[in-house]
Amino acid sequence: MASAKMLLDRAYEISKIDNRLYGSFIEHLGRAVYGGIYEPGHPTADANGFRQDVIDLIKELDVPLVRYPGGNFVSGYNWEDGVGPKAQRPKRLELAWKSTETNEFGTNEFMQWAQKANTEVMMAVNLGTRGPDAARNLVEYCNHPGGSHYSDLRREHGFDKPHNVKLWCLGNEMDGPWQMCQKTAVEYGRAAYEAAKMMRWTDPTIEFVAAGSSGLQMPTFGEWEMTVLEHAYDLVDYISIHTYYGNQANNIGAFLAKSTDMDEFIKSVVALCDAVKAKQRKRKQIHLSFDEWNVWFHSNDADRKQDPWQVAPPLLEDAYTFEDALVVGCMLITLLRNADRVKIACLAQLVNVIAPIMTESGGAAWKQTIFYPFLHASLYGRGTALQPVISSPTYTIEYESQVSWWENELGRKKVEARKIPLLESIATVNDATGELTVFAVNKDQQNALDFACELRGFGEYKIVEHIVLEHADLKAANTAQQPDNVRPRTGGDAKMAQGTLKASLPKLSWNVIRLARK
Ligand code: AHR
């Protein structure tokens, strides 16, 4: 059995973890809204049409923030279509996903839903077909108490109190040719700056996320971030970063190595932010909002076969497998490892559309495999991220570094040999209780990994539980009929011996080892 060592010193901290690292995303896309969070007539729906079974699962995940309403959708969205009497709301051709948008659900419904789901809203504005004027009007509608056109309109619509949305995305993936009204970096940088200026004049308390390049392999990447920040540095607080990974090549070793890409991607965007900071001699630091991340590839073929202009068609309905859960676990560890600069992250998305929660319209809701690593990180990964010193055996992969869906479509591939550590791990400590959690993935395909983690400067600790997610079949998934096919178990063999945590991490497994002060 191979062995890996980790050293944790209580004094080696990466950063406090921003709770918003466990955010998610609901877009007007497929069945995320209609048939997902909203389904009047469903047996569990409340008077507003919100599915209680879905809300219960979201509450279990304790999601602190949900991005809305897009995504690509937002770049063609007239927010005014989705407020006021439902009977008067227009049906629109929705060009991002070639669907029909009924507008039965809009801003106010989302605010009500978010309150019930116990989450904050991260609102995106349309900087594609619309611009700064519509954006500042939406801030006035949402956040101004009253006595002006749009705030009084909100009150007429039955919402006396402002929604007080604190976090705003300035458009979405504006360098992508798939985006309605794609922009050059200068065009977008100027629009983002002017929009943010008027939005902040409307409400000085709000924060902004500028749209970063839509991906590392975009020809615009890098230059885009620099140019946008050169225009908008003073007004924005975060820059967005998005990535999705897939196992199209059916190569588990390479798939599990994607978190190494993610780590490099984060460090590249941090470098770009800091280059502009240096060039402009700023003190302020721009942080990262990783507001779209996940595995996404299972549904690509099915989506191409969908007829256009359906209402809420089943799009992006990836049925996640056990191996996807391992990759999501590695991505969560990567986010935690970069918690000093990644302050916001949104698992994209939350329900039905590349999501941890799936539903049948009119029927059941269940947990996909990826629900579990996200649940564990959200529940036990809050507080402070610790800097581990890891010594792990490695495996070698032939590695295609350009792997996202759009990159495949462009036909670009690069092959290199790479050494990947078998152990991917991080630890967090809850500042209030002192509870320590070690998250660890064993990427070894053949053997368990003998894991020894020295705890320095912690005092006496005992094991609370060792949760393990493992499965004999990498392609195992959960379904409405078999919702518990892939689920974690407690009872891993972690133990403490003379200040060292020892555990055997089963081959290809996600492990959560929780410790408390004695
Ligand atoms: O999350 C699905 C889509 O992926 C989003 O609409 C878009 O921003 C990204 O390309």
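Which residues have the most contacts inside the largest nonpolar core? This is a predicted model, in which local features need pLDDT of at least 70 and side-chain atom pairs count only at pLDDT 80 or more, while totals for chains, interfaces and linings use all residues. Residues are numbered from 1 along each chain as its sequence is written, and side-chain values use heavy atoms, with hydrogens and water left out.

**View 1. The largest nonpolar core and Trp113.** Trp113, Trp168, Leu170 and Trp293 are the residues with the most contacts inside this core, which has 172 residues; a nonpolar core is a set of buried Ala, Val, Leu, Ile, Met, Phe, Trp, Tyr and Cys residues joined through side-chain atoms within 4.5 Å, and buried means under 20% relative accessible area, exposed over 50% and partly exposed in between, with a 1.4 Å probe and protein chains only. Helix α10 supplies the largest share of the core, eleven residues, and at least three residues come from each of domain 1 (2-8 + 388-517) and domain 2 (66-342). Apart from neighbours within four places in sequence, Trp113 is in contact (heavy atoms within 4.5 Å) with Ile37, Phe50, Ile55, Ile58, Val66, Phe105, Thr119 and Leu350.

**View 2. Helix α10, residues 322-337.** Helices (H or I, at least four residues) and strands (E, at least two) are DSSP runs, numbered from the N terminus. The expected span of a helix is 1.5 Å times one less than its number of residues, so the 16 residues of α10 should span 22 Å, in agreement with the 23 Å between its end C-alpha atoms. Of these 16 residues, 15 are buried, and the helix is mostly covered.

**View 3. Aromatic pairs and a charge over a ring.** The whole structure holds 20 aromatic pairs, defined for rings of Phe, Tyr and Trp (its six-membered ring) whose centres lie within 6.5 Å, with planes under 30 degrees apart counted as stacked, over 60 as edge-to-face and the rest as tilted. Trp79 and Tyr141 form a tilted pair, 5.1 Å centre to centre with 50° between the planes; because Trp79 lies in the loop between β4 (65-68) and β5 (92-94) and Tyr141 in helix α3 (residues 132-143), the pair ties together parts that are 62 residues apart in sequence. Both Trp79 and Tyr141 are buried. Phe371 and Tyr372 form an edge-to-face pair, 5.7 Å centre to centre with 70° between the planes; Phe371 counts as buried at 0% relative accessibility, and Tyr372 is buried with a relative accessible area of 6%. A cluster linked by ring pairs comprises Tyr34, Tyr38, Phe50, Tyr68, Phe105, Phe110 and Trp113. The charged end of Arg67 sits over the ring of Phe25, 4.6 Å from its centre, under the criterion that NZ of Lys or CZ of Arg is within 6 Å of the ring centre and within 35 degrees of the ring normal.

**View 4. Domain 1 and domain 2.** The domain assignment, from an automatic or database source, gives domain 1 (2-8 + 388-517) and domain 2 (66-342). Their C-alpha centres lie 30 Å apart, and the contact takes 38 residues from domain 1 and 36 residues from domain 2.

**View 5. Helix α6, residues 223-232.** Trp224, Glu225, Thr227, Val228, Leu229 and Ala232 are the buried residues of this helix, and they pack against α5 (185-202), β9 (207-210), β10 (238-245) and α8 (258-279).
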